[in-house]
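Q: I have not worked with this structure before. Could you take me through it step by step?
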Amino acid sequence: MAQVTAPQKQGMGPGFWQVTAALTVVNVIVTFFIIWLPIDRWLPEAAAPAPDIDDLFKFMSVFGNAIFVYVVGYVVYFGIVWRHRPTDAPDAIGIQIHDHPKLEFWWTVIPSILVIAIAIFSVRIWMNLQNQLGDVLTMEAIGHQFKFEFRYPRLKTSVYDDMHIPVDTPVTLQVTSGDVIHSFWVPEVRLKADMVPGLIQTLRFTPSKVGTYRIICTEFCGVNHGNMLATLHIDSQQDFGHWLATEFKAQGQGSGPLALNTGQASAGQQLFGQKCSSCHSTGPFEQKIVGPGLGKLLSDPTHPNLVTGEKPNAVDISHVLINGYQGPDNSQGKSGPSIGIMPNRQANALSNQDIANLVAYLTSLSQSK
Ligand code: HEC
Ligand SMILES: [Cu+2]
């Protein structure tokens, strides 16, 4: 038996215009709330491009909402009105429509206009950012497992986990990574950039509101990715000056001679929590995070040597902290896979006193129990 089409029906269906009116009402109400929504009340704006980016977000939401409401609304409406009825032949198919130039014209023209409008809107924001005058402070942010490093042009050594910038000053931030891919994100600035080894990306913004904000790594980068946080301090010009002067002075003081006998285990313990515990547990050697457990470093019979092949005594441990270590050197006949990178003292920002304190702490761990 040949297929029969359902009896020809005229128009859009019963209640079409009422449904259209109802969808329009919903659309207008939601549009009102999108425009009214005070985003910055829940998520403060702390830098120059943030208000523009929120405007762009609202602009896109208004049209996204309209498309959603009409498309979903009509799909549901037509699904109900033109559903298969018991009186229709069992194999009846719907009305077959081929080509509808008028409809096709509009569903091409309207989205094209929208996409072009969004492009103009976002390119303008981007141009404003790129052409910002000033370039007053240019600095670098470098991702590491699992911390952020910041370099300032006037400071010889890096600053870790606290980024200070002066308010109302155009900042150019160059981001990259020292190991794997990380991502630099400050929600209140509304800018985000992947930190990719070997690639330098530029973020430009002008902080506008004094305060402290969270810097978050948003690219899964290893076991401690979830703890990879830093703090952005937007300081007043004066506070920033003070901070920079203090850092500058601290660097001038040098680190003094390394005297392991001056180490304090309690100070070392605190430092360990800040700089080492993301990669080391204080359990036995096998209890790895990124590096091995360090709880019985000097007294573990199953682990008579350090990973470097040196003896587990204070002096040789200090060598590991100073030079770092990256896997066994297979060319020398030693075997075993490398388990990761032990950063050197520059990367861990350790002064001589820090090293003495850490060694004292590790020694005390091996002595307890
Ligand atoms: C990014 C992760 C990471 C951080 C941070 C880190 N380490 Fe390590 N550490 C390692 C890895 C990985 C090894 C093993 C290297 C290898 O065998 O190739 C290691 C090895 C060591 C060793 C030698 C262990 C042994 O059994 O021979 C000591 C001691 C050590 N680290 C101390 C520290 C201290 C103290 C800190 C804090 C200042 C620290 N590490 C911070 C990853 C890290
Ligand atoms: Cu990360």
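This is a predicted model: local features need pLDDT of at least 70, side-chain atom pairs count only at pLDDT 80 or more; totals for chains, interfaces and linings use all residues.

Q: Let us begin with H1 and H3. At what angle do their axes cross?
A: Helix H1 (residues 16-36) and helix H3 (residues 49-81) cross at roughly 155°, and their axes come within 10 Å.

Q: How are H1 and H3 oriented to each other, then?
A: Angles over 145 degrees count as roughly antiparallel, and H1 and H3 are therefore roughly antiparallel to each other. The crossing in which H1 passes H3 is right-handed.

Q: Which residues meet there?
A: From H1, the residues are Val19, Leu23, Val26, Asn27, Val30, Thr31, Ile34 and Ile35. In H3, they meet Lys58, Ser61, Val62, Asn65, Ala66, Val69, Tyr70, Gly73 and Tyr77.

Q: And what classes do those residues fall into?
A: The contact of H1 with H3 comprises 11 nonpolar residues, five polar and one charged.

Q: Changing topic: how many residues surround ligand 1?
A: Ligand 1 is surrounded by 29 residues, and the closest are Cys276, Cys279, Gly291, Gly340 and Met342. The shell divides by class into 19 nonpolar, nine polar and one charged residues.

Q: Which helix gives the most to that shell?
A: Helix H7 (residues 314-323) gives the most, with three residues.

Q: What does H7 pack against, and at what angle?
A: H7 packs with helix H9 (residues 352-367) at an angle of about 125°, and the two axes are 10 Å apart.

Q: Which residues make the contact of H7 and H9?
A: Ala314, Ile317, Ser318, Leu321 and Ile322 take part from H7, and Ile355, Leu358, Val359, Leu362 and Thr363 from H9. Eight of the residues in this contact are nonpolar and two are polar, with no charged residues.

Q: One last topic: where is His144?
A: His144 lies in strand S1 (residues 137-144).

Q: Is His144 buried or exposed?
A: His144 counts as buried, because 21 C-beta neighbours lie inside 10 Å and the cut-off for a buried residue is 20 or more.

Q: Which residues is His144 in contact with, beyond its neighbours in sequence?
A: Setting aside neighbours within four places in sequence, His144 is in contact with Glu149, Gly178, Asp179 and Ala347.

Q: How far apart are His144 and Met228?
A: They are 84 residues apart in sequence, while His144 and Met228 are 9.0 Å apart in space, C-alpha to C-alpha.

Technical notes: Residues are numbered from 1 along each chain as its sequence is written. Chains are lettered from A and ligands numbered from 1 in the order in which they are written. Axes are lines fitted to C-alpha atoms, for helices over the stretch in contact, and angles run from 0 to 180 degrees between N-to-C directions. Helices (H or I, at least four residues) and strands (E, at least two) are DSSP runs, numbered from the N terminus. Angles under 35 degrees count as roughly parallel, over 145 as roughly antiparallel, 65 to 115 as roughly perpendicular and the rest as oblique. A crossing is left-handed if the near helix is turned anticlockwise from the far one by less than a right angle, and right-handed if clockwise. Two residues are in contact if their C-beta atoms, placed from the backbone, lie within 7 Å. Ala, Val, Leu, Ile, Met, Phe, Trp, Tyr, Cys and Pro count as nonpolar, Asp, Glu, Lys and Arg as charged, and the others, Gly among them, as polar. A residue is near a molecule or strand if its C-beta atom, placed from the backbone, lies within 6 Å of it. A residue is buried if 20 or more other C-beta atoms lie within 10 Å of its own, exposed if 12 or fewer, and partly exposed in between; C-beta atoms are placed from the backbone.
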